[in-house]
Amino acid sequence: EEIQRAINAENERIGTLLPKQFQKEHEKEPNMDSPARGSLCGMFMDFETANQRQSNRNMATKQKKRSSELLRLIDLDFSVSFSLLDLPPVNEYDMYIRNFGKTNTKQAYVQSNEDNLERDVQTDEIETLEKWTQHPGDSVLVSGGDSNGVSIDIAVTPKIDSQRLTNFLRSACQVIAVLLEEDRVATQPRWNLRSRQTSLSISDSCFQLNTNLPFLHGRKVSCLHVSQVQRQALLSVHGLPEKPGAIQLDRKYIVCVWNVWQPSSPQKVLVCEAEVSCCCFSPSKATLVFAGTMDGSLVVWDLREDSRMHHCMKLNEIDWIFRAPTFSTDGVLSSLNHTYPVLAIEPVSTSVYKEQNYGLSHLSSQEEMSGLSFQIASMDENGTLNLWVIVVVTGCSIYLHCFGRTVPGYLYYLFHLHFLSLFPKDILCLRTPQTLNIKFLPSNPNHFIVGTDIGVVSHGARHDLRVPPKLFKPQQGGPRSIRANAVDFSPFGKPIFLVGCSDGSIRLHQMTSEHPLIQWNDSTNGQPVITLQWALTRPAVFFVLDASSTVYIWDLLENDLCPVAKQIIQSDKVMTMVVLGEPEKTNGLLGIALAKQSGIIDIQYVKKRWALPQPEESEKLQLLLQQSL
């Protein structure tokens with residue numbers, strides 16, 4: 001019984017460590033044997049199994065104790081890291097297949113021996129197909145090939161810069177036209193209008209513009225004008241024919257646009273119902289032509305208009321396009337129009353518009369940036385000066401009905417700004433002078449001068465009410481019955497100008513003095529001065545034309561008392577003159593265009609001695625002017 005109690009006590013202690021199932025199994029045994037415990041005395045007991053269980057319990061206790069001691073000595077080390085997924089970089093071939101190999105392609109073969117960079121080693125033979133290509137493309141067909149006798153062509157539309165193409169074609173067409181004209185002159189001597197032998201002693205060579213055209217017969221040239229930007233562009237105004245013919249144009253006035261490099265025919269022919277008294281190009285580019293008429297209206301032609309918009313007439317088996325005005329103030333701006341004949345029209349510098357808004361605030365900034373803006377001044381014989389702002393906006397078609405017909409893609413705004421009173425009250429008390437011409441100071445377009453029929457030249461400004469001096473007078477004093485037929489500023493930035501009068505006198509003024517620096521009274525023997533103009537290549541040279549058809553050349557450095565050259569043209573009277581030249585080039589090319597009574601227009605290139613710039617010529621001229629004070 002004592003042994004049985006010891007065994008039961010030992011089983012109870014082990015039950016806390018063994019699994020519950022093992023505990024339950026051994027707990028049932030005493031319950032089952034408890035009723036017969038007394039009867040089991042002296043039965044066989046298995047001590048080997050009990051000893052084995054005791055050994056297992058001792059071993060588990062030792063392992064648990066060791067694990068608890070080791071856990072206190074072991075800790076996690078977070079300084080060590082490694083990647084769970086590592087992808088090596090792809091090679092060039094795999095990158096190419098990834099980017100371009102998914103479009104209409106598939107992987108068919110793999111190249112072996114990839115490390116061999118000297119030669120291609122293929123596992124299979126590659127099929128080839130020969131094709132041709134051209135770069136840059138000359139047309140839409142830039143590549144093609146031949147496979148089994150079948151032609152394979154690939155049409156690729158090249159990218160074209162339309163603006164550059166237009167500029168190139170315009171320049172190329174001018175060159176080709178000049179070459180064709182020279183070729184025609186070589187094959188047909190009757191067309192030789194260039195560089196013929198000159199009969200004038202002041203020039204080296206000359207040629208004529210071909211005015212022997214059916215619509216120009218019997219028409220006198222009343223006005224000539226040269227573009228300030230494109231020096232080869234020339235305007236000529238032709239009056240009505242002396243003997244009306246059967247041509248429908250006999251009752252219209254004609255303005256011809258010439259390129260002096262192509263004298264065989266005018267580039268454009270413009271027609272007008274009213275008599276044209278003056279004309280000019282737009283200041284920034286010779287694409288617009290402005291004209292003043294004797295009925296007081298202002299007329300505009302856009303030379304970029306499609307020729308299909310205008311009247312075409314066949315004369316002597318040649319088709320001619322006669323362009324009607326794009327816009328006219330006649331009947332449109334009646335309240336702002338001139339009421340007297342317009343005798344002068346002048347372009348104002350492009351930078352003038354940037355000074356003030358001039359009432360254009362209703363235009364959007366996009367329109368102002370995309371458009372071309374400048375001013376035109378028109379003056380009538382009664383002394384009224386109108387300033388007009390012209391804004392050519394590209395890509396617009398609004399307000400078209402307000403301002404007349406125009407080419408698609410361009411819009412014209414013409415705004416009347418104001419008119420100015422050009423004379424002081426003491427002059428107006430005697431009589432109202434007649435104004436003849438106007439010129440703007442190139443270095444400061446705010447200032448302008450106006451020639452009159454009383455011998456004085458009025459000084460005015462667009463923004464200032466008072467500018468000294470008010471009048472530029474001759475040496476003799478006050479107003480006289482003498483017409484200041486021509487005035488011209490120096491094109492070299494100096495504030496000096498020339499005045500040519502009807503009594504033959506020529507005056508050289510500076511903007512700060514009322515009286516002239518120099519006055520020549522008898523240089524033309526009393527003949528009225530028709531026109532005068534400074535040379536474009538030399539600061540000290542100017543040209544004069546008088547009423548007796550005589551051309552004078554002045555070189556102030558050579559002789560400041562009288563002209564250095566004189567040319568009388570008696571065979572055909574010269575009606576007007578304009579100076580040609582390219583001051584940007586150093587070839588010394590300087591010419592004068594002479595419009596004769598018969599309608600012929602001669603281009604005379606003067607001798608090099610008056611055309612080539614002299615060393616320190618501006619400084620010498622400035623010293624001469626200072627000595628004249």
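Strands here are DSSP runs of E at least two residues long, and they are numbered from the N terminus. In this predicted model, the loop between strand 21 (457–461) and strand 22 (471–472) is where Pro-469 turns up. The peptide bond that joins Pro-468 and Pro-469 is cis, with omega at about -15°.

Another loop, the one running between strand 26 (518–520) and strand 27 (529–534), holds Asn-525. Asn-525 isn't a glycine, yet its phi is positive, at about 60°.

Over to the helices. Helix 3 is made up of 25 residues, and the distance from its first C-alpha to its last is 37 Å, close to the 36 Å expected at 1.5 Å a residue. The N-terminal end of helix 3 is capped by Asp-46, which places a side-chain oxygen 3.3 Å from the backbone nitrogen of Glu-48.

Helix 3 (residues 47–71) also pairs up with helix 1 (residues 2–14): their axes come within 12 Å and cross at roughly 30°. Angles under 35 degrees count as roughly parallel, so that is how helix 1 and helix 3 run relative to each other. As for handedness, the crossing of helix 1 and helix 3 is left-handed. On the helix 1 side, Glu-10, Asn-11 and Ile-14 make the contact, and they meet Arg-53, Gln-54 and Arg-57 of helix 3. Sorted by class, this contact comes out as three charged residues, two polar ones and one nonpolar. As a rule, an α-helix has 3.6 residues a turn, so residues three or four places apart point the same way.

Definitions and conventions
Residues numbered from 1 in each chain as written. Predicted model: local features only at pLDDT ≥ 70, side-chain atom pairs only at ≥ 80, totals over all residues. Heavy atoms only, no water. Axes fitted to C-alpha atoms, helices over the stretch in contact; angles between N-to-C directions. Helix = DSSP H or I, 4+ residues; strand = E, 2+ residues; numbered from the N terminus. Parallel < 35°, antiparallel > 145°, perpendicular 65-115°, else oblique. Left-handed = near helix turned anticlockwise from the far one by under 90°. Contact = heavy atoms within 4.5 Å. Nonpolar A, V, L, I, M, F, W, Y, C, P; charged D, E, K, R; others polar. Expected span 1.5 Å × (residues − 1). Polar contact = N/O pair within 3.5 Å; in protein donor to acceptor, adjacent residues only side chain to side chain.
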